Amino acid sequence: MSPRFSAECAILFLATLLALAFKAKAGSIVVYWGQDGREGTLTDTCASGKYGIVNIAFLSVFGNGKKPQVNLAGHCDPSSNGCQRVSTGIHNCQNQGIKVMLSIGGGSGGYTLTSPDEARGVAEYLWNNFLSGNSNSRPLGDAILDGIDFDIEGGERHYAVLASRLSELSRGGRKVYLTAAPQCPFPDNWLDKALQTGLFDYVWIQFYNNPQCEYNTNNPQSFKDSWNKWTSSIPARKFFVGLPASRAAANNGFVTTDVLKSQVLPFVQGSPKYGGVMLWNKYSDDQSGYSSRIRDSV
């Protein structure tokens with residue numbers, strides 16, 4: 001073997017190692033879409049090339065005997081089946097390899113689960129109307145979503161039963177991803193039992209509107225302690241840093257893109273369970289350009 005050939009092999013080997021190392025730490029940007037009619041269509045959101053997962057927000061009414069109902073703000077009117085056209089956007093996103101989830105809950109407080117039986121009933125409704133089941137009145141049309149996101153901020157605590165039933169329904173068929181958006185104080189007041197089941201794939205922790213654990217350049221340790229607690233205590237596959245996409249998107253917890261890239265990401269990317277960054281929400285990201293400035297670093 002000539003010296004030149006050996007040198008070329010060594011360079012190729014090093015380049016391969018670097019590529020693998022980059023791939024190992026590479027994460028995705030997750031965004032919530034659906035709560036502002038000014039944010040563009042779901043198709044446009046995915047065509048931007050910025051996001052790996054899109055959460056459709058929200059199924060904001062369920063439980064306590066109520067008929068489940070989606071609320072996509074200014075995008076469409078579910079009462080007239082107007083949201084069925086969102087199916088086109090879901091298909092377009094999935095054809096690009098982007099996962100699309102239905103987020104249940106949100107901050108409205110119009111939901112609860114009064115019993116384990118009701119939790120199982122809501123799971124079956126989700127399965128038949130948004131996942132691989134069958135229904136004549138699918139609110140978002142014929143598209144089969146990739147999973148269910150739990151953005152739970154109230155109600156009775158029967159979400160472990162809901163998650164378990166969704167997992168049971170999907171056995172032997174198409175994978176149903178389960179994700180969650182707990183508040184950063186550990187353990188989460190509403191989702192702890194559900195998250196302890198080990199059924200959740202991705203957890204995007206809301207490091208905002210919670211001063212005791214959000215990132216603060218004057219006291220970064222509280223954030224680091226929270227991140228370490230979450231990633232070591234909850235048996236999920238990947239964890240994401242949840243942030244507001246602009247100062248206006250939350251009361252507090254906004255992290256500038258420079259600080260995120262220079263201080264936050266170098267720390268969280270050291271975890272083998274690092275998954276990326278979650279942003280609230282698409283309209284705020286449009287206004288700030290946040291994801292465009294971080295996507296090469298995530």
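How far apart are the sulfur atoms of C46 and C93?

Modeller: The model is a predicted one. In it, the sulfur atoms of C46 and C93 are 2.0 Å apart, and the two residues form a disulfide. C46 belongs to helix α2 (residues 42–47) and C93 to helix α3 (residues 86–95), so the pair ties together parts that are 47 residues apart in sequence. The torsion about their S-S bond is about 95°, so this disulfide is right-handed. C46 and C93 are buried.

This link is one of three disulfides found in a search of the whole structure. In general terms, a disulfide is a covalent bond between the sulfur atoms of two cysteines. Another joins C76 to C83, with 2.0 Å from S to S. Here the torsion about the S-S bond is about 95°, so the link of C76 and C83 is right-handed. Both of these cysteines are buried.

A further disulfide joins C184 to C213, again with an S to S distance of 2.0 Å. Its handedness is right-handed, with 80° about the S-S bond. C184 is found in the loop between β6 (177–180) and α6 (192–195), and C213 in the loop between β7 (202–206) and α7 (220–233), so the pair ties together parts that are 29 residues apart in sequence. The cut-off for buried is under 20% relative accessible area. C184, with a relative accessible area of 1%, is therefore buried, and C213, at 4%, also counts as buried. When bonded cysteines are counted along the chain, the disulfides follow the pattern 1-4, 2-3, 5-6.

In soluble globular proteins, nonpolar side chains tend to be buried together.

Beyond its neighbours within four places in sequence, F150 is in contact with residues including I104, Y159, L162, A163, L166 and F200. L279 lies in strand β9 (residues 274–280). With a relative accessible area of 0%, L279 is buried. Leaving aside neighbours within four places in sequence, the contacts of L279 include I29, V30, V31, Y32, L243 and A245.

How values were computed: Residues are numbered from 1 along each chain as its sequence is written. This is a predicted model: local features need pLDDT of at least 70, side-chain atom pairs count only at pLDDT 80 or more; totals for chains, interfaces and linings use all residues. Side-chain values use heavy atoms; hydrogens and water are left out. Helices (H or I, at least four residues) and strands (E, at least two) are DSSP runs, numbered from the N terminus. Buried means under 20% relative accessible area, exposed over 50%, partly exposed in between (1.4 Å probe, protein chains only). Contact means heavy atoms within 4.5 Å. A disulfide is a pair of cysteine sulfur atoms within 2.5 Å.
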